[in-house]
Amino acid sequence: MTDYKDKSLIELVKLAQQNDKKALEELIRQEQSSIYKYFNAQKTKADDLPDLTQEVFLKMTKSIKSLKNPLLFKSWLNRIVNNVFLDFLRKKQRQSKFHSVFLPESIGALQEVPDTDKTPIEFSLAEELKGKIEIAIQDLPVKLKDMLILRELKGLSYEKIASKEKININTVKSRLSRARSKLKEDLNNYLD
């Protein structure tokens, strides 16, 4: 008997594409937690989490054979997750232009108030972009990532970075320039 827990993700995807139900079950088992966490991080109501997660796996199951390159499974699945979440937000937005919030004067009572900020779709897209930027930063070579974090996130001057890293200021500027160019390149397809 085959132990599917020992198989690589790519092997599982290929087997699932050949109608191997055990491989599909193992894929679902392996991905369930991260998908559930994604929806939870989006401030989704606890009641909606299981339904959204199930919807992702239904769509994955129905269309896994259409995935041409099993190496791209994770990004393909992430697109399904994002699309399911955006569909959920659109449906929610059609149902109501109000959002439930806790207001201090109501002492914890749930109140419906009009949304004056971003729509749920705008919020979701902004969060998705934030996630893409975080991933692109994490994918940078260490020296470039360090420069970018010190300058853009921690707000250090070129001089302080040079002193902290024990390199000259021109090296700091060069690495920052390369880091920004790499980020722009990595995010270019997403932003188009």
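These numbered points walk through a predicted model.

1. **Main core.** The largest nonpolar core holds 26 residues. Leu27, Phe39, Val56, Met60, Ile64, Phe73 and Trp76 touch the most other members.

2. **Val56 and its contacts.** Val56 touches Ile35, Phe39, Leu77, Ile80, Val81 and Val84, leaving out residues up to four places away in sequence.

3. **A separate core.** Another core lies apart from the largest one. This other core has 14 residues, including Ala136, Val172, Leu176 and Leu183.

4. **Helix α3.** This helix has 15 residues. From first C-alpha to last, α3 reaches 21 Å, close to the 21 Å expected at 1.5 Å a residue. Which residues of α3 are buried? They are Leu49, Leu52, Thr53, Val56, Phe57 and Met60. These residues cover an arc of only 135° around the axis, so they sit on the same side of α3.

5. **Aromatic pairs.** There are three aromatic pairs in the structure. One of them joins Tyr38 and Phe85, edge-to-face, at 6.1 Å centre to centre and with 85° between the planes. The pair links distant parts of the chain, with Tyr38 in helix α2 and Phe85 in helix α4, 47 residues apart. Is Phe85 buried or exposed? Phe85 counts as buried because its relative accessibility is 3%, under the 20% cut-off. Tyr38, at 23% relative accessibility, counts as partly exposed. Tyr38 and Phe85 also form one aromatic cluster with Phe88.

6. **A charge over a ring.** Look next at Arg151 and Tyr158. The charged end of Arg151 sits over the ring of Tyr158, 4.5 Å from the ring's centre.

7. **Asn19.** Most residues other than glycine have a negative phi. Asn19 is not a glycine, yet its phi is positive, near 70°. Where does Asn19 lie? Asn19 is in the loop between α1 and α2. Its relative accessibility is 51%, so Asn19 counts as exposed.

8. **Lys166.** Lys166 also is not a glycine and has a positive phi, about 60°. Lys166 lies in the loop between α7 (158-165) and α8 (169-191). With a relative accessible area of 73%, Lys166 is exposed.

Terms used. Residues numbered from 1 in each chain as written. Predicted model: local features only at pLDDT ≥ 70, side-chain atom pairs only at ≥ 80, totals over all residues. Heavy atoms only, no water. Core = buried A, V, L, I, M, F, W, Y, C linked by side-chain atoms within 4.5 Å. Buried < 20%, exposed > 50% of the residue type's maximum accessible area, 1.4 Å probe, protein only. Contact = heavy atoms within 4.5 Å. Phe/Tyr/Trp six-rings, centres within 6.5 Å; stacked < 30°, edge-to-face > 60°. Helix = DSSP H or I, 4+ residues; strand = E, 2+ residues; numbered from the N terminus. Lys NZ or Arg CZ within 6 Å of the ring centre and 35° of its normal. Expected span 1.5 Å × (residues − 1). Arc of directions from axis to C-beta.
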